[in-house]
Amino acid sequence: MGENTALLTGLCFIALCAFDARGQEGDATAGAAVFKRCAICHVVDSDKNKVGPSLRGLFGKKAGTHPGFAYSVAMRAAGDDGLAWNETTLRGYLHNPKTNVVGTKMGFPGLKDDQAITDLISYLKQYSE
């Protein structure tokens, strides 16, 4: 009986972990709505730069390297120091760009809502595949 209880408990734990992991995934549709705040300066559907660089193909890209964009010295240095965009680095940057890359030209104050960031990341990932 104890062995079956342990097995059942373990299976329930695994199921809950799987459910929790799904809860961490973003909603790309909600992310598109969040991106409207970014679209003033950025695009994702082309390589065209605006006030900010294109975010097409962002994931896995070294920071400060999108062709044709005049990055700040700080952003280029961050890339040279190993900053590459992935879920973790982008999440930190989106929370507060000015403290994550001190000296960045990006004037955006950041997103404080973790779910909004998760949704935005999900949306941006569609343009990095």
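Helices here are DSSP runs of H or I with at least four residues, numbered from the N terminus. By that rule, Ser-122 sits in helix H6. Keep in mind that this is a predicted model. The protein has six helices and zero strands, so read from the N terminus the elements simply go α-α-α-α-α-α.

**The big picture**

- The protein has 129 residues, and 33% of them count as buried.
- Its accessible surface comes to about 7900 Å², and carbon and sulfur atoms hold 60% of that.
- Take the contacts with a separation of 6 or more: 45% of them link residues 24 or more positions apart.

- H4 covers residues 87–95, and its buried residues are Leu-90, Tyr-93 and Leu-94.
- What covers the buried residues of H4? The cover includes helix H3 (73–80), helix H5 (97–100) and helix H6 (114–125).
- The N-terminal end of H4 is capped by Asn-86, with a side-chain oxygen 2.8 Å from the backbone nitrogen of Thr-88.

**Helix H3, inside and out**

- Which residues of H3 are buried? They are Ala-74, Met-75, Ala-78 and Gly-79.
- These residues share a side of H3, because the arc they cover around the axis is only 135°.
- That buried set packs against H4.
- On the face of H3 turned away from its buried side you'll find the exposed residues Val-73 and Asp-80.
- After H3 comes Gly-82, whose phi is positive, near 110°.

**A closer look at Arg-76**

- Arg-76 also belongs to helix H3.
- Its relative accessibility is 38%, so Arg-76 counts as partly exposed.
- Setting aside neighbours within four places in sequence, Arg-76 is in contact with Gly-64 and Tyr-71.
- Arg-76 and Ala-63 are 13 residues apart along the chain, and their C-alpha atoms are separated by 6.6 Å.

**A closer look at Ser-122**

- The side chain of Ser-122 reaches the backbone oxygen of Gly-26 at 3.3 Å.
- Not counting residues up to four places away in sequence, Ser-122 touches Gly-26, Asp-27 and Ala-28.

**The largest pocket**

- The largest pocket holds about 620 Å³ of space.
- It is lined by 32 residues, and those closest to its centre are His-42, Gly-52, Pro-53, Tyr-93 and Met-106.
- Which helix gives the largest share of the lining? That is H4, with three residues.

Note on methods
Residues are numbered from 1 along each chain as its sequence is written. This is a predicted model: local features need pLDDT of at least 70, side-chain atom pairs count only at pLDDT 80 or more; totals for chains, interfaces and linings use all residues. Side-chain values use heavy atoms; hydrogens and water are left out. Helices (H or I, at least four residues) and strands (E, at least two) are DSSP runs, numbered from the N terminus. Buried means under 20% relative accessible area, exposed over 50%, partly exposed in between (1.4 Å probe, protein chains only). Contact means heavy atoms within 4.5 Å. Accessible areas come from the Shrake-Rupley method with a 1.4 Å probe; for residues, only the protein chains shown count as cover. A polar contact is a pair of N or O atoms within 3.5 Å; within protein, one must be able to donate a hydrogen and the other to accept it, and residues adjacent in sequence count only if both atoms are side-chain atoms. On a 1 Å grid over the protein atoms alone, a cavity is a set of points where a 1.4 Å probe fits but cannot get out, and a pocket is an open set with protein on both sides within 12 Å along at least five of seven lines; lining residues have an atom within 4 Å of a point. Grid points are joined across faces, edges and corners, and a volume is the space filled by probe spheres set on the points. The arc is that of the directions from the helix axis to the C-beta atoms.
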